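The sequence and structure are shown first.

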Amino acid sequence: MTSLSGITPSGRLTLGNHLGALRRFTDRGGFYFVANLHAMTTKHDPRRLATLTREFATLMLAAGVPEGTVFVQSDVPTHAQLAYLLECTSYVGELSRMIQYKEKGNGRPMTRASLFTYPCLMAADILLYGAERVPVGGDQDQHVELARDVAIRFNREYGETFVVPRLNKAALATRVKDLQNPTAKMSKSDADDAIGTIRLLDPPDVIRRQIMRAVTDSGNEVRHDEANKPGVTNLLEILAACTDGDPVELATAYASYGQLKQDVADAVLALIEPLQNEYARLTTDPGAIDHLLAQGRDRALDASTPRLQAAARAMGLAGSAP
């Protein structure tokens with residue numbers, strides 16, 4: 001089965017991104033990309049976008065994502081080309097119901113048209129590669145459902161062209177919450193100095209300090225109880241995700257919040273420090289990174305071009321044959 005996933009460079013990558021995405025990118029036949037075109041749907045700093053795009057790609061490689069599977073979205077023009085064809089297949093009503101548009105646009109002044117249509121780009125990202133499973137966080141479920149709907153509609157109206165994808169959700173990693181606000185997701189879009197977010201390139205002493213300062217709950221009982229003990233539950237779920245344990249069972253080993261925090265910090269650093277070391281090694285040889293990303297780009301183009309051409313021919317565009 002082909003696996004595919006992309007990460008938008010909208011802020012620095014976090015522990016949640018690693019647990020929920022990077023370390024799951026293991027399929028040597030998969031396609032994993034930095035979705036930098038998606039980062040342009042709202043106002044952005046071009047220099048920061050370029051910096052984060054390179055940082056994300058290097059972190060993906062440092063995390064052990066297989067060679068030949070990592071690329072930058074804007075380097076593969078088939079994504080934007082198929083997105084337009086899918087815009088011609090999608091309906092205004094279904095795009096207007098997308099959560100991102102309702103939260104960030106929906107009549108607000110200077111809303112970019114790309115914010116409204118970008119679900120078509122996301123659908124193109126998925127459908128280009130015949131991906132059968134799409135590992136995403138819970139906030140992206142709606143977009144994968146749209147990709148499914150568009151694929152089904154396209155196949156019905158123009159002939160069998162696209163594989164209809166399905167979700168592949170992480171169990172614990174999708175629930176990593178902010179250390180200072182454990183009812184909210186840990187987000188890469190948070191400010192770079194937000195103390196509730198663990199960023200993959202934060203120094204180890206900063207990471208340990210942030211975990212030790214994490215919000216807990218009233219009382220001193222350590223138990224997994226999301227409704228009444230969201231802070232402790234978040235720490236238990238982080239520990240479980242880092243150690244492949246069960247958060248309910250892990251809770252029985254602790255009599256104090258302090259020891260739990262110590263063990264969470266140790267587990268997080270054991271996961272992140274090797275990643276940071278490999279990132280540092282890779283950045284000493286920019287040419288090697290360029291070569292690896294070129295491999296990913298070329299493979300993505302080879303894989304995606306035939307399906308783009310098939311879709312164009314099915315819609316009646318002349319000159320779309322190879």
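M110 counts as exposed because its relative accessibility is 81%, where exposed means over 50% relative accessible area, buried under 20%, and partly exposed in between (1.4 Å probe, protein chains only). M110 sits in the loop between α5 (99–104) and α6 (113–127); helices (H or I, at least four residues) and strands (E, at least two) are DSSP runs, numbered from the N terminus. This is a predicted model, in which local features need pLDDT of at least 70 and side-chain atom pairs count only at pLDDT 80 or more, while totals for chains, interfaces and linings use all residues. Residues are numbered from 1 along each chain as its sequence is written, and side-chain values use heavy atoms, with hydrogens and water left out.

The phi of M110 is near 60°, a positive value in a residue other than glycine. Most residues other than glycine have a negative phi. D244 also has a positive phi near 60°; D244 lies in the loop between α9 and α10 (247–251).

The relative accessibilities of some other residues are tabulated here.

| Residue | Relative accessibility | Class |
|---|---|---|
| D244 | 67% | exposed |
| H224 | 27% | partly exposed |
| C242 | 14% | buried |
| C120 | 1% | buried |

H224 is placed in the loop between α8 (204–212) and α9 (230–243). Leaving aside residues up to four places away in sequence, H224 touches T233, L236, E237, P247, V248 and A251, a contact being heavy atoms within 4.5 Å. From H224 to L167 there are 57 residues in sequence and 27 Å in space, C-alpha to C-alpha.

Zero disulfides turn up in a search of the whole structure, with a disulfide defined as a pair of cysteine sulfur atoms within 2.5 Å. For C120, the nearest cysteine sulfur is that of C88, 8.9 Å away.

As a whole, the protein has 12 helices and five strands. Its radius of gyration is 21 Å, close to the 20 Å from the globule rule for 322 residues, so the protein is as compact as a globular protein of that length. The radius is taken over C-alpha atoms, and the rule is 2.2 Å times the number of residues to the power 0.38. The C-alpha trace spans about 70 × 45 × 40 Å along its principal axes. Of the 322 residues, 50% count as buried. Among contacts between residues at least 6 apart in sequence, 75% join residues at least 24 apart.
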